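Subject: Structure handover

Hello,

Here is the structure for you to look at. My notes follow below it.

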Amino acid sequence: MVKITKEAALEYHEAGRPGKIEVVPTKPYRTQTDLSLAYSPGVAYPCLEIQDNPDSVYKYTDKGNLVAVISNGTAVLGLGDIGAMSGKPVMEGKGLLFKIYGGVDVFDIEVDEKDPEKFCEAVEKIAPTFGGINLEDIKAPECFYIEERLKKTLDIPVMHDDQHGTAIISSAGLLNALEVAGKKIEDVKIVVSGAGAAAIMCTKLYVALGAKLENILMLDSKGVITSDRPNLTEQKKFFATERRDAHTLEEAMKDADVFLGLSKGNVVSKEMIRSMAKNPIVFACANPIPEISYEDAMDARPDVLMSTGRSDYPNQINNVIGFPYIFRGALDVNASAINEEMKIAAVHAIADLAKQPVPDVVNQVYKVNNLTFGPDYFIPKPVDPRLITEVSAAVAKAAMDSGVARTPITDWDAYKNNLRRKMGQETNVTQSLYETARKHPQRVVFAEGLHPTMIKAAVQAKQEGICQPILLGNDEMIEKKAAELDLDLTGIEIVNLRHDREMARRERYARILAEKCCREGYNFEEANDKMFERNYFGMMMVETGEADAFITGVYTKFSNTIKVAKEVVGIRDNYKHFGTMHIVNSKRGTYYIADTLINRHPDKETLKDISRLTADAIRFFNDEPKMAMISYSNFGVDKDGSPRLMHDVVAEMQAEYPDLKIDGEMSIDLALDHERRDKKYPFLRLHGEVVNSMIFTNLSAANSAYKLIKGFSPETEVIGPIQMGLKKPIHFTDFDSTVRDVVNIVAVAVIDAYVNKIK
Ligand SMILES: NC(=O)C1=CN([C@@H]2O[C@H](COP(=O)(O)OP(=O)(O)OC[C@H]3O[C@@H](n4cnc5c(N)ncnc54)[C@H](OP(=O)(O)O)[C@@H]3O)[C@@H](O)[C@H]2O)C=CC1
Ligand SMILES: CC(=O)C(=O)O
Ligand SMILES: [Mg+2]
């Protein structure tokens with residue numbers, strides 16, 4: 001666990017630009033025209049449109065994606081009434097989380113006003129700016145009045161997140177923890193420490209989900225809330241108990257099944273945890289210091305199902321798992337409110353997600369490889385990329401079903417795809433790859449069948465419906481590894497190529513290879529020996545049509561794979577070389593870069609083959625090749641070395657392919673700036689064209705180019721290496737490939753195999 005120190009936290013907030021958020025323009029602003037459109041005089045037109053038709057504000061402004069996080073600083077985390085301005089770091093933090101998890105823009109607004117009436121008036125006056133209002137860290141009981149009034153007076157979603165966000169997450173956690181503990185909500189005895197904004201609403205939702213009022217004991221700063229206490233607020237009265245045998249937390253905790261803490265740090269002792277019933281559920285959610293630390297609770301007894309509000313321990317119960325997606329869903333249907341139906345839909349969507357297999361990206365962030373539903377994982381992690389699609393869609397649908405949606409969604413697949421794209425989880429290219437592969441799933445051999453990345457990729461590719469995986473390797477070991485990783489191999493074939501039962505197949509493959517390569521010094525015995533190697537055996541499966549595509553490369557060196565591929569399947573007719581391309585999906589656009597992996601020092605003929613293969617591959621992805629041949633100088637300025645080489649390649653390519661948009665040699669900056677290129681070199685075949693492909697003079701340059709882009713902008717998606725030029729779909733990943741990278745290449749291999757079949 002990372003220990004967070006005061007120094008580190010202050011340094012984080014101060015470093016670079018103070019604070020955590022900034023405003024970023026979304027329209028061009030560099031030219032005089034852009035500025036006249038963005039501001040006066042052009043801006044007057046949308047103003048007048050909105051005056052005529054108020055709903056068009058959603059069309060011409062950011063209102064529909066803009067949420068106000070508003071606080072008066074009276075209950076900031078568990079720090080209490082620290083004042084509006086002191087709460088600003090929390091509100092900025094929510095702005096950051098809204099943006100990174102939900103793609104929602106936020107203005108944080110700190111209102112220095114404790115009087116509920118005046119506070120509401122201030123919010124009502126600024127509400128036209130926003131598509132939604134997230135009230136935050138406002139103390140009870142004022143928060144209940146404030147939210148109720150604003151819900152009535154405003155026609156946009158208003159939600160006090162400490163009440164409802166917390167209630168949604170902790171209810172999802174409770175349903176799942178009860179399942180793990182083998183208990184029923186209607187039977188469990190619940191102790192709630194705290195009777196403020198969060199505690200009251202969480203407990204109300206527990207009751208709505210089936211908990212019995214008579215099984216609940218609630219405490220505030222004065223102890224157990226009993227009905228004979230004077231001056232109880234309306235909310236506290238609802239939970240006041242007649243039971244007189246428990247007045248203190250210590251007494252209340254005895255034999256309790258569930259403890260929910262939304263009060264203050266360190267109010268629970270180890271003894272109290274020990275006095276609870278079997279498999280106790282302890283949600284110690286006070287921030288930043290929980291009611292009891294994770295370590296102490298786990299030390300008190302081993303059967304505790306423990307959650308805190310902190311991100312540095314398992315089972316974080318924090319409203320961050322809800323608010324970005326609840327507002328996302330509400331905004332996307334232009335909802336007039338966030339109602340009970342939408343909240344319950346969010347509870348179930350979150351609870352269900354924790355039971356699904358965890359995507360690799362989540363395991364990577366937490367540096368584990370087997371997060372599975374159980375005592376240490378019954379709430380999805382905040383970084384889970386599926387939260388946005390599952391929770392937002394559930395909320396949006398519930399808004400529609402309950403009649404508060406003003407703009408219904410009709411195509412849910414398109415909606416979810418759009419969300420993934422918006423969050424940079426999937427780009428157009430990846431999406432269309434998967435969609436195409438899914439239409440024609442093929443049999444793909446995973447040569448390194450025992451490697452965890454390959455097993456996970458095979459399972460994921462199978463779940464995605466893009467292929468029928470075949471894992472090569474010792475079946476017992478693969479099954480053992482899959483069990484360790486908690487992966488389900490149903491529908492995945494395992495071929496143990498060294499087993500006696502594969503002898504006949506090895507011999508058959510050996511005969512075919514020996515015959516094919518008889519003039520290259522091969523005989524049957526040698527070929528038969530080779531069939532004990534994954535590369536030979538697996539590629540022979542593809543060569544004989546017993547599989548459709550082959551994939552390797554997470555730990556096997558390319559040099560060996562390349563040699564075997566040339567022998568077993570060979571290079572395409574009319575070519576002497578093959579190579580690889582990477583697709584780079586950046587904010588600027590999609591670029592195809594070659595040769596990134598195979599030919600270290602290509603000569604003229606190799607570069608011509610790479611260029612032709614790249615042009616073909618670009619067409620394969622339904623794009624038109626617009627190719628720049630990259631060097632460090634432009635159009636004959638330098639007459640030696642690599643510029644000369646590229647110069648000659650371009651001359652011959654242009655002569656042989658009069659319609660191909662290819663030109664060079666040119667420097668990379670010129671390739672990327674077509675306006676400067678057109679002005680300075682009007683004679684180019686690429687005149688007026690935005691280049692989408694770059695061929696480099698050698699492997700170091702091409703390989704560094706795509707890695708440099710990825711390094712500078714990690715959000716850029718890189719797909720590759722994509723093999724071009726072998727006769728059959730033999731594809732490579734590389735040593736650093738993630739599961740996602742491998743599945744991307746599987747999708748390419750599947751399409752490649754399909755296209756090969758129908759040619
Ligand atoms: N993990 C999460 O997602 C979230 C966590 N929280 C945390 O919950 C806590 C409360 O927040 P919130 O509801 O917004 O604040 P409120 O100010 O509205 O409520 C605080 C409540 O805690 C009670 N309290 C204070 N001291 C004690 C004590 N020693 N024993 C029992 N109860 C006590 C107060 O009692 P009284 O009524 O007598 O004053 C009050 O009812 C904070 O620590 C906050 O960080 C809040 C929201 C989300
Ligand atoms: C998480 C949160 O909202 C709080 O602690 O107040
Ligand atoms: Mg809060």
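How far is an oxygen atom of ligand 2 from an N or O atom in the side chain of Asn287? The distance is 2.8 Å. Please keep in mind that this is a predicted model.

**Ligand 2**

Asn287 is one of the residues around ligand 2. For Asp162, an N or O atom of the side chain is 2.9 Å from a ligand 2 oxygen. For Asp137, the corresponding distance is 3.1 Å.

**The sheet**

Six strands form an open sheet with mixed pairing. Their order is E18-E17-E19-E16-E15-E20. Strands E18 (661-666) and E20 (717-724) are at the edges. Each has a single partner strand, so one side of each has no neighbour in the sheet. From one strand to the next, the twist averages 20 degrees.

Strand E17 (residues 626-630) runs parallel to E18, and five bridges join them. One of the residues to check there is Ile630, whose bridge partner in E18 is Met666.

**Helices across the strands**

Helix H26 (residues 604-620) lies across E15 (579-586), E16 (589-594), E17, E18, E19 (693-695) and E20. Its angle to E19 is about 165 degrees. Helix H30 (residues 699-712) lies across E15, E16 and E20. H30 runs at about 150 degrees to E16.

**His582**

His582 sits in strand E15. Is His582 buried or exposed? His582 is buried, because its relative accessible area is 1%, and the cut-off for buried is under 20%.

The His582 side chain makes a polar contact of 2.8 Å with the side chain of Thr596. The side chains of His582 and Tyr706 are joined by another polar contact, at 3.3 Å. Beyond its neighbours within four places in sequence, His582 is in contact with several residues, among them Tyr591, Tyr592, Ile593 and Val718. Ile719, Gly720 and Pro721 are also in contact with His582.

**Cysteines**

There are zero disulfides in the structure. Cys143 is in none, and the nearest cysteine sulfur, that of Cys120, is 11 Å away. A disulfide needs the two sulfur atoms within 2.5 Å. Cys143 counts as buried, at 1% relative accessibility. Cys47 is partly exposed, with a relative accessible area of 46%.

Best wishes

Methods
Residues numbered from 1 in each chain as written. Chains lettered and ligands numbered in written order. Predicted model: local features only at pLDDT ≥ 70, side-chain atom pairs only at ≥ 80, totals over all residues. Heavy atoms only, no water. Pairing = 2+ DSSP bridges. Helix = DSSP H or I, 4+ residues; strand = E, 2+ residues; numbered from the N terminus. Axes fitted to C-alpha atoms, helices over the stretch in contact; angles between N-to-C directions. Contact = heavy atoms within 4.5 Å. Buried < 20%, exposed > 50% of the residue type's maximum accessible area, 1.4 Å probe, protein only. Near = heavy atom within 4 Å. Polar contact = N/O pair within 3.5 Å; in protein donor to acceptor, adjacent residues only side chain to side chain.
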